[in-house]
Amino acid sequence: MAAREEEEEDDEEAWLQLRPVEPLPSQCCGSGCSPCVFDLYDRDLARWEAARASRDRSLLRGKELPNLPSRLSPETFLAFRISALDRLTQDTYRVRFALPGSSQLGLRLGLRPGQHLILRGIVDGLEIQRAYTPISPANAEGYFEVLIKCYQTGLMSRYVESLRAGDTAFWRGPFGNFFYKPNQYGELLMLASGTGLAPMVPLLHSITDNAEDETFVTLVGCFKTFEGIYLKTFLQEQARFWNVRTFFVLSQESSPEQLPWSYREKTRFGHLGQDLVDELVGSCRRKPFALVCGSAEFTKDMEGCLLRAGLAEDSYFLF
């Protein structure tokens, strides 16, 4: 009898060792992804509880996945090698990742414009996850690029600043509920703050690379200073298209004389507020559909401005 009880205790301990580990709050990127790391934990926990109740470990095999999957998945991290890392500003990097097997011609990441991925990092033994939107064109072959802003006290920032070309980083995805179709809207009004510019970039690529897409675009980029504007060359090139216009709002500058001539007429100073949003909406050449991306505060403020400017709740999307 004692031997049997000891065997049952050992078996119970073995089952407890197989129990899924609940994620830490730092492992959730907070972007509303589906599945979230907590969704995956709940799924694996339910599978473990069913297997334990029936004493059938074969039921756990459903969660076993290859150590290195070959395709991007929302549930499983995939390794990507850093092929280039450029510092755009004092605190922001553009990082290029090579696709696994990118020696094959025509290999693409497979995201729709504006979708995002989750990056996993480990700092001091703590796993963290954050969401980033690729800025490379959806049809980019063999690579993808992201903008990453680093913060002085951010754990993910410490991880990113430790990366070098040739290192490997792990991503999962894609995520995101905005799916763009050519000519779906008369005009896109893009309101972006800082790295909130990221989802707008592949959308711009998609529109201007498609000669049959006649969607108008008005992009407003909000930055602290002129030097802090990301991707200036790209945005200047986009503004040359007949259907694209760009504006900038600088919060820590006040003198147009300090700007290059090509920026003076399309730059405002201060913060993007109700008066300017009203002006932008009123100047749209067709009925606008607004896209907003930035900090939580910026997004909330812009949503209120758009509603007061007369846009309906189904006439904007918040990234």
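Rings of Phe, Tyr and Trp count as a pair if their centres lie within 6.5 Å. In this predicted model, ring pairs link Phe80, Phe97, Tyr132, Phe144 and Trp171 into a cluster. The structure holds 14 aromatic pairs. The count of salt bridges comes to five. Helix H4 and strand E11 are each largely enclosed by the rest of the structure, because eight of nine residues are buried in H4 and six of six in E11.

**Aromatic pairs**

- A pair of aromatic rings is described by the distance of the centres and the angle of the planes.
- Phe144 and Trp171 pair edge-to-face, with 5.6 Å from centre to centre and 85° between the planes.
- This pair links distant parts of the chain: Phe144 belongs to strand E5 (residues 143-149) and Trp171 to strand E6 (residues 168-175), 27 residues apart.
- Phe144 and Trp171 are both buried.
- Phe226 and Tyr263 also form an edge-to-face pair. Their centres are 4.8 Å apart, and the angle between the planes is 85°.
- Here too the pair links distant parts of the chain, 37 residues apart. Phe226 lies in the loop between strand E8 (216-223) and helix H5 (232-238), and Tyr263 in helix H6 (residues 261-264).
- Phe226 and Tyr263 are both buried.

**Charges over rings**

- The ring of Tyr263 has the charged end of Lys266 over it, 5.2 Å from the ring centre.
- Arg120 lies over the face of Phe77, at 4.6 Å from the ring centre.

**Salt bridges**

- Side chains of opposite charge can pair when their charged atoms come close.
- Glu145 and Arg96 form a salt bridge, with 2.9 Å between the closest N and O atoms.
- That bridge links distant parts of the chain: Glu145 sits in strand E5 and Arg96 in strand E2 (residues 92-98), 49 residues apart.
- Glu145 has 13% relative accessibility, so it counts as buried. Arg96 is partly exposed, with a relative accessible area of 29%.
- Glu187 and Arg285 meet through their side chains in a salt bridge of 3.0 Å, N to O.
- The partners come from distant parts of the chain, 98 residues apart. Glu187 is in strand E7, while Arg285 is in the loop between helix H7 (274-283) and E11.
- Glu187 is buried because its relative accessible area, 0%, is under the 20% cut-off. Arg285 is partly exposed, at a relative accessible area of 36%.
- Arg268 and Glu279 form a salt bridge whose closest N and O atoms are 2.7 Å apart.

**Helix H4**

- H4 spans residues 200-208, and eight of these nine residues are buried.
- The buried residues are Met200, Val201, Pro202, Leu203, Leu204, His205, Ile207 and Thr208.
- Their cover includes strands E7 (187-193), E8, E9 (244-250) and E11 (288-293), along with helix H5.

**Strand E11 and its neighbours**

- E11 is covered on both faces. Pro288, Ala290 and Val292 are buried on one side, and Phe289, Leu291 and Cys293 on the other.
- E11 pairs with E7 in the parallel sense, over six bridges.
- In that pairing, Glu187 stands opposite Pro288 in E11. Glu187 also forms the salt bridge with Arg285.
- E11 also pairs with strand E12 (residues 316-318), in the parallel sense and over three bridges.
- Leu291 stands opposite Phe317 in E12.
- From E11 the chain crosses through helix H8 (residues 296-308) to E12. This β-α-β crossover is right-handed.

Note on methods
Residues numbered from 1 in each chain as written. Predicted model: local features only at pLDDT ≥ 70, side-chain atom pairs only at ≥ 80, totals over all residues. Heavy atoms only, no water. Phe/Tyr/Trp six-rings, centres within 6.5 Å; stacked < 30°, edge-to-face > 60°. Helix = DSSP H or I, 4+ residues; strand = E, 2+ residues; numbered from the N terminus. Buried < 20%, exposed > 50% of the residue type's maximum accessible area, 1.4 Å probe, protein only. Lys NZ or Arg CZ within 6 Å of the ring centre and 35° of its normal. Contact = heavy atoms within 4.5 Å. Salt bridge = Lys/Arg side-chain N within 4 Å of Asp/Glu carboxyl O. Pairing = 2+ DSSP bridges. Right-handed = clockwise from strand over helix to strand, strands pointing away.
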